[in-house]
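Reader: Before we look at any single feature, could you take me through how such features are read, giving the general idea and then the case at hand?

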Amino acid sequence: MNTWIHDIVTDVPTHAYDQNGFVREFMKEHVPGDRMTKAILHKIYSASGIGTRHSVIPDFAPDGETGLYFDRETNQILNPGTGDRNVLYKIWASKLFVNVAKTLLETTQTPPESITHVITVSCTGFYAPGPDYDIVRQCGLHDHVRRYHIGFMGCYAAIPAMKLAQTICLAEPDAVILVVSVELCTLHLNFSGDTDAMLSASVFADGASGVLMSTKQPKKGGLRVGDFRTRLTPQGEEDMAWTIGDHGFDMVLSSYVPDILQSNLHDILAPLPSDITHWAIHPGGRAILDKVEQGLNLPETALWASREVLNNYGNMSSATILFVMKALMTSPEPGRMLAMAFGPGLTVETATFEKP
């Protein structure tokens, strides 16, 4: 018995920021440090491979008003507490979770009453009753729908969420499952001159995505779900980490992460399927994509979808891999897709899918 992805839906907040113009110069003006710090910032942003990032924060727009993060009258960066940031998370995350779920029901022509399970994914905020509850109430699902939340796992979390959905489908062939991921990474923006903080501030963005899964093959398109694998690298525990601080969530993103991934790629993927035609690699940053491409000896065009998503949206944590898969899913070529995402630990999750 097979499990199928019927459709992938993506969404982003309305505020879009130009990476190499406005954002780069804004950060150079407001991150504390000397001339050398400004030069490092300029290089980090210019070499990021990102053109645009989206955010729920309107404060930084050229025509924006004073808000939680920036006082326009004094030209001062504000440093709100974690509680204030989480208030914004609840407001905006709920909207995006519900929007993606509603769109999935519409695009797949799925009656709300047929949904049996809801799986939500996020590592950038918390509230209860949570987004799973919001989806049930606002999308008209039965109140006995079974709900699960995968929280605080980081950028790879959408893959174990799909694995959970597959496990449920194989145990319950009549299951119809919504999986929705929303990440509002920019709520935890930190204007620090620390190298790790500057790196994380240069790549993370806000976005939402979701899939509808069942054992019923779609009449048109879709992806047949294959195998899932999890690996922990021997090193990297301190190079990618995510903790709750007094002023947002503190992200550690070391410049060593791309090298750690590259040195462990063959062990992670062994035995590597020989018939991969579509590569959905989580665009954690340009250097990561470069190292994966080099480590697997892939042609320059192999990671086009990952680079396109990185350029247009940045790194939206767990929501990002579905953006890449959607781009590949809508391309006309059939074949086997390998998805790979990674996060704190260093944890690497992989999955295979078939485009019939």
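Author: Helix α3 has 26 residues and spans 36 Å from its first C-alpha to its last, close to the 38 Å expected at 1.5 Å a residue. Please keep in mind throughout that this is a predicted model.

Reader: Which residues of α3 are buried?

Author: The general idea is that an α-helix has 3.6 residues a turn, so residues three or four places apart point the same way. In α3, the buried residues are Thr82, Arg85, Tyr89, Ala93, Ser94, Leu96, Phe97, Val98, Val100, Ala101, Leu104 and Leu105.

Reader: What is in contact with Thr82, leaving aside its neighbours within four places in sequence?

Author: Thr82, which lies in helix α3 (residues 82-107), is in contact with Ile244, Gly245, Asp246, His247, Gly248 and Phe249 once those neighbours are set aside. Within this group, the backbone oxygen of Gly245 is reached by the side chain of Thr82 at 2.5 Å. Thr82 has a relative accessible area of 16% and therefore counts as buried, since the cut-off for that class is under 20%.

Reader: How should I read the packing of two helices, and at what angle do α2 and α6 pack?

Author: Two packed helices are described by the angle between their axes and the distance between the axes. Here, helix α2 (residues 35-46) packs with helix α6 (residues 195-203) at an angle of about 35°, and their axes are 10 Å apart. The crossing of α2 and α6 is right-handed. On the α2 side the contact is made by Thr37, Ile40, Leu41, Ile44 and Tyr45, and on the α6 side by Met198, Leu199, Ala201 and Ser202. Sorted by class, the contact of α2 with α6 has seven nonpolar residues, two polar ones and no charged ones.

Reader: What should I look for in the backbone, and which residues have a positive phi of about 60° or near 65°?

Author: Most residues other than glycine have a negative phi, and most peptide bonds are trans. Asn75 is not a glycine, yet has a positive phi of about 60°; Asn75 is placed in the loop between β4 (70-71) and β5 (76-77), and, at 34% relative accessibility, counts as partly exposed. Phe152, also a residue other than glycine, has a positive phi near 65° and is found in the loop between β7 (146-151) and α5 (158-171), where Phe152 is partly exposed with a relative accessible area of 26%.

Reader: Finally, what does Gln262 touch, not counting residues up to four places away in sequence?

Author: Gln262, a residue of helix α7 (residues 257-269), touches Lys291, Gln294 and Gly295 under that condition. Although Gln262 and Gln294 are 32 residues apart along the chain, their C-alpha atoms are separated by 8.0 Å. With a relative accessible area of 24%, Gln262 is partly exposed.

Methods: Residues are numbered from 1 along each chain as its sequence is written. This is a predicted model: local features need pLDDT of at least 70, side-chain atom pairs count only at pLDDT 80 or more; totals for chains, interfaces and linings use all residues. Side-chain values use heavy atoms; hydrogens and water are left out. Axes are lines fitted to C-alpha atoms, for helices over the stretch in contact, and angles run from 0 to 180 degrees between N-to-C directions. Helices (H or I, at least four residues) and strands (E, at least two) are DSSP runs, numbered from the N terminus. A crossing is left-handed if the near helix is turned anticlockwise from the far one by less than a right angle, and right-handed if clockwise. Contact means heavy atoms within 4.5 Å. Ala, Val, Leu, Ile, Met, Phe, Trp, Tyr, Cys and Pro count as nonpolar, Asp, Glu, Lys and Arg as charged, and the others, Gly among them, as polar. Buried means under 20% relative accessible area, exposed over 50%, partly exposed in between (1.4 Å probe, protein chains only). A polar contact is a pair of N or O atoms within 3.5 Å; within protein, one must be able to donate a hydrogen and the other to accept it, and residues adjacent in sequence count only if both atoms are side-chain atoms. The expected span of a helix is 1.5 Å times one less than its number of residues.
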